[in-house]
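Subject: Handover of a structure

Dear colleague,

Please find below the structure that I am handing over to you. My findings follow it, arranged so that they can be read alongside the sequence and the coordinates.

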Amino acid sequence: MPGLKELLKDEDKVTAGYCPDCDAVNLHPGPQGGMSTNFACFSCSARFNGAFVLESGRVELLFFHRTGKINEADRGLFSRQNLCDWLKT
Ligand SMILES: [Zn+2]
């Protein structure tokens, strides 16, 4: 029987804090531009770009796409704070 995270859409995984590629709860926000935010998974190194909006107190992800992988040097660009904690601030 699939668990909750197997049933979630990729967008819902991200707002719940799960990496859509490896399911680790290890997403971190990075550089922002315009309305979009880069974020990366420190477990599988997947890198993403997406737009978050706060809708009636709930975080919604308007869109996101995969933008490759981060390397060790890129990690410094991303916050040590977890994406979920960052979205609540
Ligand atoms: Zn991952």
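**The hairpins and their turns**

Strands β1 and β2 form a hairpin with 2 residues between them, and Gly 34 in the turn has a positive phi of about 60°. The pairing of β1 with β2 is antiparallel and runs over 5 bridges. Within this pair, Leu 27 has Cys 41 of β2 as its bridge partner, and Gln 32 stands opposite Thr 37 in β2.

A hairpin is also formed by β2 and β3, with 4 residues between them. These two strands run antiparallel and are joined by 5 bridges; Ser 36 stands opposite Ala 51 in β3. Ser 45, in the loop between β2 and β3, has a positive phi of about 70° although it is not a glycine. For context, most residues other than glycine have a negative phi. Ser 45 is partly exposed, because 17 other C-beta atoms lie within 10 Å, whereas a buried residue would need 20 or more and an exposed one 12 or fewer.

Strands β3 (residues 46–55) and β4 are antiparallel as well, with 9 bridges joining them. Leu 54 has its bridge partner in β4, namely Val 59. The hairpin of β3 and β4 has 2 residues between the strands, and Ser 56 in its turn has a positive phi of about 50°.

**The model as a whole**

Please note that this is a predicted model. The mean pLDDT of the chain is 92, and 100% of its residues reach 70 or more. Confidence is lowest in helix α1 (residues 4–7), with a mean of 74, and highest in strand β2 (residues 36–41), with a mean of 97.

The chain contains 3 helices and 4 strands, which follow the pattern α-α-β-β-β-β-α along the sequence. Its C-alpha trace spans about 40 × 30 × 20 Å along the principal axes. The radius of gyration is 12 Å, which agrees with the value near 12 Å that a compact globule of 89 residues would have. Of the 89 residues, 20% count as buried. Among contacts with a separation of 6 or more, 35% are between residues 24 or more positions apart.

**The sheet**

The 4 strands form an open sheet in the order β1-β2-β3-β4, with antiparallel pairing. Strands β1 (27–33) and β4 stand at the edges with a single partner strand each, so one side of each has no neighbour in the sheet. On average, neighbouring strands are turned by 30° against each other, direction ignored.

How many of the 12 residues of strand β4 (residues 58–69) are buried? The number is 0, so β4 lies largely in the open. Gly 68 belongs to this strand. Gly 68 is exposed, because 12 other C-beta atoms lie within 10 Å and a residue with 12 or fewer counts as exposed. The C-alpha atom of Gly 68 is separated by 5.4 Å from that of Arg 47, and the two residues are 21 residues apart along the chain.

In soluble globular proteins, nonpolar side chains tend to be buried together. The largest nonpolar core here has 12 residues: Val 14, Tyr 18, Cys 19, Leu 27, Phe 39, Ala 40, Cys 41, Ala 46, Phe 48, Ile 70, Phe 78 and Leu 83. The elements that give two or more residues to this core are β2 and β3, and β2 provides the largest share, 3 residues.

Which residues is Cys 41 in contact with, leaving aside its neighbours within four places in sequence? They are Cys 19, Asp 21, Cys 22, Ala 24, Asn 26, Leu 27 and Ala 46. Among these, Leu 27 is also the bridge partner of Cys 41 in the sheet.

**A loop residue to look at**

Asp 23 lies in the loop between α2 (10–16) and β1. The phi of Asp 23 is near 70°, a positive value in a residue other than glycine. With 16 C-beta neighbours inside 10 Å, Asp 23 counts as partly exposed.

With kind regards

How values were computed. Residues are numbered from 1 along each chain as its sequence is written. This is a predicted model: local features need pLDDT of at least 70, side-chain atom pairs count only at pLDDT 80 or more; totals for chains, interfaces and linings use all residues. The radius of gyration is taken over C-alpha atoms; the globule rule is 2.2 Å times the number of residues to the power 0.38. Two residues are in contact if their C-beta atoms, placed from the backbone, lie within 7 Å. pLDDT is the predictor's confidence in each residue, from 0 to 100. Two strands pair if DSSP finds at least two bridges between them. A nonpolar core is a set of buried Ala, Val, Leu, Ile, Met, Phe, Trp, Tyr and Cys residues joined through C-beta atoms within 7 Å. Axes are lines fitted to C-alpha atoms, for helices over the stretch in contact, and angles run from 0 to 180 degrees between N-to-C directions.
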